[in-house]
Amino acid sequence: MLQHLLLPLVTLALSPTQEESEDLDCGRLESSTRIMGGSDAQPGSWPWQVSLHQNGGHICGGSLIAPSWVLSAAHCFVDNGTLEPAAEWSVLLGVHSQDGPLDAAHVRAVADILVPDNYSSVELGADLALLRLASPARLGPGVKPVCLPRASHRFAHGTACWATGWGDVQEADPLPLPWVLQEVELRLLGEAACQCLYSRPGPFNLTFQLLPGMLCAGYPEGRKDTCQGDSGGPLVCEEHGRWFQAGITSFGFGCGRRNRPGVFTAVAPYEAWIREQVMGSEPGPAFPTQSQGPQSGPWEPMDENCTIALPECGKAQRPGAWPWEAQVIAPGSRPCHGVLVSETWVLAPASCFLDRSRPDRQPQDLDNWRVLLPSRLGAEQVMRLVPHENASWDHASDLVLLQLHAPVNLSVAPRAVCLPHPEHYFLPGSRCRLARWGRGEPAPGPNTLLEAELLSGWWCHCLYGRQGATVPPPGDPPHALCPAYQEEEESGRCWNYSSWSLLCREEGTWFLAGIRDLSSGCLRPRAFYPLQTHGPWISHVTRGAYLEDQLTWDWGPEGEETETQTCPPHTEHGACGLRPEPAPMGLLWPWLAEVHVAGDRVCTGILVAPGWVLAATHCILRPGSTTVPYIEVYLGRTGASPLPQGHQVSRLVISIRLPRHLGLRPPLALLELSSRVEPSPSALSICLHPGGIPLGGSCWVLGWKDPQDRVPVAAAVSILTPQLCHCLYQGVLPPGTLCVLYAEGQEDRCEVASAPPLLCQSEGGSWVLVGMAVRGSQELFASIGAEEAWISQTVGEAHFLPPSGSPYWPPEGSNLCPLDMAGASGFPPASLFLLLLTPLIYS
């Protein structure tokens with residue numbers, strides 16, 4: 001039992017003046033035993049409960065209020081504003097199990113369906129309907145009408161009432177065979193208390209304004225509720241031996257979620273409407289007079305002072321001391337680490353216990369298995385093992401649930417970890433931590449190495465996922481969750497024998513966000529399989545695991561995070577040249593490096609491979625110098641001081657490689673780093689293009705406005721054709737030199753002493769390094785394309801994009817130079833006019 005849709009009501013509350021007929025006995029039950037909370041009802045215990053069928057299947061519930069009348073919810077019968085034909089519906093009365101022979105049950109056709117004129121949708125109220133049966137019901141011990149309250153009837157706040165139906169037992173978890181009627185005890189909440197709960201952001205960050213005629217029932221802590229398929233069914237309360245229908249199941253936000261009680265259509269305000277519709281029917285519904293006023297309910301706090309239920313899971317005194325950590329010990333095996341997800345269930349990797357080559361073979365010696373939990377003196381016994389159906393072939397589903405022989409008390413340690421719903425969106429920057437999982441070894445280093453922040457879905461998907469695919473938007477299950485670690489791994493320490501889960505924190509509550517990892521070699525996991533997709537399976541098996549709503553909802557500007565995004569192309573060595581568009585303020589250019597030379601100058605460098613940075617030779621090596629200076633390289637900085645949220649990377653340069661240029665000092669130098677730089681949003685190689693310049697896209701000079709502050713700035717430029725460049729600098733340019741024309745007002749954005757790079761963004765979205773500044777010039781750049789062979793031979797992992805065409809340059813012999821342009825390097829007005837007319841500009 002757990003349901004939902006959406007309700008709000010407009011009230012018609014006029015009591016009739018005539019005396020109430022007592023001809024129809026109502027709301028009387030044979031004595032029966034009730035079990036609290038989402039359990040099988042006893043046969044005959046709710047004789048007014050009916051099942052409404054359409055095309056042979058159960059759709060909604062209802063209640064018998066007179067031999068020829070059934071009360072239900074309008075939303076069951078109205079589709080896109082159109083009332084469905086009564087002939088499509090039938091009513092089952094006296095039914096207990098909907099599987100097999102109906103025994104004492106009987107069926108009636110529906111002659112007419114009536115809904116209030118002001119009903120349009122559940123969120124706007126008036127969600128009730130009357131069904132007139134084609135022939136009267138056959139009354140007896142298993143089929144009786146329920147009493148209806150008068151408009152003046154008052155139900156005390158806090159009253160224990162009962163909801164019944166054949167709906168889902170949990171969200172997306174249908175009632176299993178034999179489809180026995182379910183019952184759940186719910187407490188009535190006053191309007192102020194209910195509105196207080198719905199005024200606080202809940203699932204999907206939504207709030208809701210209750211309308212007159214709405215009635216709430218449930219508990220702030222959730223876990224007991226109606227659900228999909230219970231719609232239209234009754235909420236009944238006992239008064240002095242009679243059962244009155246207080247509400248009609250209407251809607252909710254999820255099922256059994258914290259601070260989201262079920263919302264029902266209140267029946268009392270609709271006394272006049274019901275009487276008007278059934279007028280002339282004999283006998284009609286009974287509206288017995290309330291023998292005495294309701295007992296005073298609990299004091300109702302106002303909105304600003306109400307008590308909100310807090311999560312019952314995911315609380316830890318300090319990171320690393322996890323009260324849900326479980327060690328599963330099977331005979332003859334090393335302990336396998338998992339997590340406690342409810343009072344009686346542990347989640348762990350299936351690969352600890354199952355043979356992938358023989359997935360049908362299950363362990364037979366569970367009696368000898370033990371589970372160790374924190375703060376428990378003895379070991380827990382294992383009663384059952386339930387592997388995920390895809391565990392044998394899908395690494396992302398490498399999960400098994402182990403049922404304990406006896407429940408553990410979660411009011412003290414141990415405690416359960418929180419699990420995310422499928423729509424949960426872990427925000428970029430969420431604080432996370434690695435926790436032991438499976439049979440892995442402990443961390444080969446200090447615990448600070450276990451701390452991480454989550455990357456955005458775009459970075460995670462494009463850095464470690466599939467190129468060209470659409471990035472899942474928030475609310476859709478991600479393909480992976482990717483942590484960015486606060487500290488780099490220690491040199492020589494390998495994490496290959498460690499296995500980890502990913503815990504992420506929201507508002508002080510820890511969620512199990514990801515499991516295992518996509519292969520990262522000797523490094524800590526760079527990508528985890530998300531747990532969101534497994535929430536329904538865990539919930540279905542355990543019927544009590546702590547699935548908790550998202551607690552942090554700061555998604556940024558509205559709409560920004562839901563725009564469709566795709567990933568740029570990869571190379572054979574992985575992702576390169578990634579930068580999200582539009583780029584947030586202060587975002588790093590992840591390939592831009594500060595090259596500190598001998599402590600007295602800083603040059604611009606570009607990361608072209610995990611172990612190599614490209615820079616301008618004239619900035620790195622002083623003229624006439626024959627010694628290799630001491631050089632440090634920094635990545636992940638956006639100024640003289642790193643961003644607090646940035647992850648700065650530093651490396652020493654152990655060698656400098658220069659190409660062979662006869663008689664000339666080569667313009668480009670490759671700097672070999674002391675160790676690799678692992679790809680991340682702070683430090684990522686740029687792409688290179690065969691032939692130098694990619695076709696299409698836009699180009700920029702990336703440098704620093706001030707060499708002291710070193711805050712990156714980009715100036716928009718167009719690359720001139722070789723012919724135009726030759727005209728402007730006739731006879732003075734070495735081969736492979738590129739000329740650029742700055743956009744208006746962009747000329748002075750970058751200083752030139754640090755030798756800034758020339759970049760272009762390709763049509764596919766990748767950023768490509770095109771050139772490095774020539775000494776002392778703003779407009780001249782040494783082409784990368786001219787050194788393609790040397791770079792490929794020196795750097796084994798240079799990220800050259802697949803060939804996609806290059807700009808068309810006219811033949812070298814073309815003489816397009818006006819006489820007044822020959823040798824004119826200052827771009828005189830006549831030349832600028834020509835530049836506006838000529839197509840020989842690459843932009």
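Below are my entries, disulfides before the helix.

**Ground rules.** I am working with a predicted model, where local features need pLDDT of at least 70, side-chain atom pairs count only at pLDDT 80 or more, and totals for chains, interfaces and linings use all residues. Residues are numbered from 1 along each chain as its sequence is written, and side-chain values use heavy atoms, with hydrogens and water left out.

**Disulfide count.** I looked up the total and found 15 disulfides in the structure. A disulfide here is a pair of cysteine sulfur atoms within 2.5 Å. I followed up some of them.

**Cys336 and Cys352.** The sulfur atoms of this pair are 2.1 Å apart. I read 80° about the S-S bond, a right-handed link for Cys336 and Cys352. The pair connects distant parts of the chain, 16 residues apart: Cys336 sits in strand 17 (residues 336-340), and Cys352 in the loop between strand 18 (345-348) and strand 19 (370-372). Strands (E, at least two residues) and helices (H or I, at least four) are DSSP runs, numbered from the N terminus. I then checked accessibility, and both Cys336 and Cys352 are buried. Buried means under 20% relative accessible area, exposed over 50%, partly exposed in between, with a 1.4 Å probe and protein chains only.

**Cys603 and Cys619.** Here the S to S distance is 2.0 Å. The link of Cys603 and Cys619 is left-handed, with -95° about the S-S bond. Cys603 belongs to strand 31 (residues 601-609) and Cys619 to helix 5 (residues 617-620), distant parts of the chain 16 residues apart. Why does Cys603 count as buried? Its relative accessibility is 1%. Cys619 is buried too, at a relative accessible area of 6%.

**Cys699 and Cys760.** I found their sulfur atoms 2.0 Å apart. The disulfide of Cys699 and Cys760 is right-handed because the torsion about its S-S bond is about 100°. Cys699 is in strand 36 (residues 698-704) and Cys760 in strand 39 (residues 757-761), so the link ties together parts 61 residues apart in sequence. I note Cys699 and Cys760 as buried.

**Helix 2.** Which residues of helix 2 (residues 271-278) are buried? I list Glu271, Trp273, Ile274, Arg275 and Val278. Their cover includes strand 3 (57-66), strand 4 (69-72), strand 8 (106-114) and strand 9 (129-133). Contact means heavy atoms within 4.5 Å. After helix 2 comes Gly280, with a positive phi near 100°.
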